[in-house]
Amino acid sequence: VTGVQTCALPISAHNDIHSFSNEVHLEWINNRMLVVFLNEVIICNISIPKGFITDGATIPKLFWNILSPFGRFFKSCALHDYICIMAKLHNNEAPNLKEGINIATQYRKRADNLLSLSMKQQGIKLWRRLLIMANVRAYTFFTFSVGHRIYKHKFKIESYYETMLNDNDIKAQIMSVSLDFLDSVIKGLKG
């Protein structure tokens, strides 16, 4: 991983379920719209490990004047990406298609719920949240729908994630987050 630029995004620190702790230190990867976390960050009580890679908000370039992939909602989108990777990994380890779809769907629903709730917690305006969530739903339709995966058991893991997942500590940390824990975080945010 070769970085061309580093930056820090400040996050206000709180000691509760709504916590967005410490600064996020990021490094751009190979002139792509990808960044790697240079430090561990707590987002809504969920630890995102050092070395995690994300594209921020997955927004088509056409709309970047309205919604930047690295806007104020970046941390919520990074959390969403983190949980979506959990969905893919748990699916790919499932013994069959039916169980894989079930577990991936459960993680994906929680990822979407946490994205919406955490953006609300950050004070993101309703119209932006709705626009981002519409984009997420469209992406979900094409990547997580049963129809799209009818002949496929395993999700394709993007090459930049494969590189990240070669680090066994990062993969173990991702795989250790349970649905029950995510439910408790969601409950706390709805509070």
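Hi everyone. Helices here are DSSP runs of H or I with at least four residues, strands are runs of E with at least two, and both are numbered from the N terminus. With that in hand, Ala78 is found in helix α1.

A word on the source: this is a predicted model, where local features need pLDDT of at least 70, side-chain atom pairs count only at pLDDT 80 or more, and totals for chains, interfaces and linings use all residues. Residues are numbered from 1 along each chain as its sequence is written, and side-chain values use heavy atoms, with hydrogens and water left out.

Back to Ala78: is this residue buried or exposed? Ala78 has 0% relative accessibility, so it counts as buried (under 20% relative accessible area, with exposed meaning over 50% and partly exposed in between, using a 1.4 Å probe and protein chains only). Leaving aside residues up to four places away in sequence, Ala78 touches Phe37, Phe52 and Thr54, where contact means heavy atoms within 4.5 Å. Its C-alpha atom is separated by 9.0 Å from that of Leu115, 37 residues apart along the chain.

Now the whole chain. There are 6 helices and 6 strands, and from the N terminus the order is β-β-β-β-β-β-α-α-α-α-α-α. Of the 191 residues, 49% are buried. Among contacts with a separation of 6 or more, 60% join residues 24 or more positions apart.

Next, helix α6, residues 179-190. Which residues of α6 are buried? They are Leu179, Leu182, Val185, Ile186 and Leu189. Down the axis of α6, these buried residues fall within an arc of 120 degrees, so they line one face of the helix (the arc uses directions from the helix axis to the C-beta atoms). The face turned away carries the exposed residues Asp180 and Lys187. Covering the buried residues of α6 are, among others, β5 (46-48), α1 and α2.

Finally, the helices around the largest pocket. α1 (74-93), α2 (97-121), α3 (126-143) and α4 (159-165) each supply at least two residues of its lining, and the largest share, 6 residues, comes from α1. Thanks, everyone!
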